Amino acid sequence: RLLTWGVELRGIHPVTVEDRTETHFNKIFFIWLSANTNILSFSTGTLGPVVFELGLRDSCLVILFLNLLCAIPPAYFSTWGPKLGLRQLCLSRYTFGYYGVMVPSLFSIMSGVGFCILNSILGGQALATVANISWTVGILIISAISLFVSFCGLKVLSWYERCAWIPVLIVFVIATAVGGKHFVDTPTIPAATAPQILNFGATIAGFTLTWAAFSSDYTTYFHPSVSSWRIFWYSYLGLNLPIITLQCLGAAAAVSAPSVPSWETGYLGGNVGGLVDAMLSPVGKFGKFLMVLVSLSVTANNAPTIYSICMGFQTLVPPLVALPRYVFSVLATVVVISLSIAGQHKFYTTLSNFLGIIGYWAGAWVSAITVEHLYFRKGDFALYDIRCWNVPSQLPLGAAALGTSALSFALVIPSMDQVWYTGPIARKTGDIGFELALAVTALLYIPLRRLEIRWRGV
């Protein structure tokens, strides 16, 4: 019956060429646009001044260049969906193997759940600011809407994402119009140091790069004849336009808050919703309505994330492929609600730590997947035998991919700079763990993968 209502049942099973009939290719632009036009993008920008003590100019430069770089992998991987009809983590089996992919699947699920927790806390805070409810009730409302959209599947998700960005854009345009006169850079901030820039850069990388693990999930129904460049630019622009704009706006608001009493009061305790509410206060009661829209904006990020988490569960535990996809939407939402309520009063600590860490594994994973595709498979999608998607003996063992990823951490760990640990390299350079994960994995993967092919033949 759910199928007759339009609910998508398909999980990680390949989408056949006959079923790849979608020709409205700009849907992927709106999925990325709406997923990142929200208060989480805004709040991530505030980390530059608040946590890393950067001025507005330096914060915006880091935001600009790191996002331009880190949006390339998710945009590129989005082009693979129409060609292969495989979900992103299932596609990763052709690099990490049937069993080896369980490791990046686990990290991907953790990353997705982490983003949903951050979104739910932010949305709950913002909703509580104007609706006279507790943060917990706000979290429940946000989670319920996100569950509904992700439960229904890609068709409903695509429709929702096509529209969700519009009211949020209007809100931030109004907030900028009425509060822009207060935006100032603080001249007393000392010149930025390399560690400050690199540490904030690692945070920005963690925000954008991790979308790569979900990229092809949203394009598997696209007709295979579509130009890869077309999908790439739709995705690249859909990611960068909202992320760069809202992160820079968040940095500007955070830098200016101490000089505007009402903003500073609203921002007490790191309450980003309170800051946005204070920015909208000049428009009176209409500002409260706008705050409701801001709070609901995070559902456009949570819904596609939960949708992809469903695929992660099925690659993590292959027998779960027998269950309908939507079962895992419910499971993921229950986990998100529980952890969001538990961590709702530690948002800034959670955000900065979480985004800094997840970029490390994503860097190693992206590097291995890319080298496998471009070097060993010559960028030729015909060299992926889709019939073997669930046949362990016909897939790579995954030892090369897992081995190089693990070996890269011999340099990543000393190069980490986190609240709870600073490595000896990072003490001198700042956090360069993400960059080393990318580079070391790429260099080591080629010789180890050659040995794997010679030994196993696949």
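Buried means under 20% relative accessible area, exposed means over 50%, and partly exposed lies in between (1.4 Å probe, protein chains only). This is a predicted model, in which local features need pLDDT of at least 70 and side-chain atom pairs count only at pLDDT 80 or more, while totals for chains, interfaces and linings use all residues. Residues are numbered from 1 along each chain as its sequence is written, and side-chain values use heavy atoms, with hydrogens and water left out.

**View 1. The salt bridge of Arg-10 and Asp-19.** A salt bridge is a side-chain nitrogen of Lys or Arg within 4 Å of a carboxyl oxygen of Asp or Glu. Side chains of opposite charge can pair when their charged atoms come close. Here Arg-10 and Asp-19 meet at 3.2 Å, N to O. Asp-19 counts as partly exposed because its relative accessibility is 36%. Arg-10, at 23%, is also partly exposed.

**View 2. The salt bridge of Glu-22 and Lys-27.** The closest N and O atoms of this pair are 2.9 Å apart. Glu-22 has a relative accessible area of 19%, so it is buried. Lys-27 is buried too, with a relative accessible area of 19%. The structure holds nine salt bridges.

**View 3. Helix H2, residues 39-50.** Helices (H or I, at least four residues) and strands (E, at least two) are DSSP runs, numbered from the N terminus. The expected span of a helix is 1.5 Å times one less than its number of residues. H2 has twelve residues and reaches 16 Å from its first C-alpha to its last, close to the 16 Å expected. Eleven of the twelve residues are buried, so H2 is mostly covered. Among the buried ones are Ile-39, Phe-42, Gly-45 and Pro-49.

**View 4. Glu-53, in the loop between H2 and H3.** Glu-53 has a positive phi of about 55 degrees, although it is not a glycine. Its relative accessible area is 55%, so Glu-53 is exposed.

**View 5. Helix H3, residues 56-70.** The 15 residues of H3 should span 21 Å at 1.5 Å a residue, and the end C-alpha atoms are 21 Å apart, which agrees. The buried residues of H3 include Leu-56, Cys-60, Ile-63, Leu-66 and Cys-70. Contact means heavy atoms within 4.5 Å. What covers these buried residues includes helices H2, H4 (72-78), H11 (194-209), H12 (228-256) and H21 (433-456).

**View 6. A nonpolar patch on the surface.** Patches are made of residues with over 30% relative accessible area and no salt bridge; like charges are joined within 9 Å, and nonpolar side chains (Val, Leu, Ile, Met, Phe, Trp, Tyr) within 5 Å. Accessible areas come from the Shrake-Rupley method with a 1.4 Å probe, and for residues only the protein chains shown count as cover. The patch is formed by Leu-61, Leu-64, Phe-65 and Leu-68, which together have about 330 Å² of accessible area. Leu-64 lies in helix H3 and counts as partly exposed at 30% relative accessibility.

**View 7. The largest nonpolar core.** A nonpolar core is a set of buried Ala, Val, Leu, Ile, Met, Phe, Trp, Tyr and Cys residues joined through side-chain atoms within 4.5 Å. This core has 108 residues, and those that touch the most other members are Ile-39, Phe-42, Phe-200, Tyr-218, Leu-275, Leu-280 and Trp-365. H12 gives the most to this core, with 14 residues. A second, separate core of 13 residues includes Ile-306, Ile-309, Phe-313 and Val-336. Apart from its neighbours within four places in sequence, Leu-275 is in contact with Phe-42, Ala-253, Ala-257, Trp-263, Gly-266 and Tyr-267.

**View 8. Thr-441 in helix H21.** Thr-441 counts as buried because its relative accessibility is 0%. Leaving aside neighbours within four places in sequence, its contacts include Ala-364, Ser-367, Thr-404 and Ser-408.

**View 9. The loop between helix H18 (347-376) and helix H19 (399-412).** Lys-378 is found in this loop and has a positive phi of about 55 degrees, although it is not a glycine. Lys-378 is exposed, with a relative accessible area of 63%. Not counting residues up to four places away in sequence, Gly-379 touches His-373 and Leu-374.
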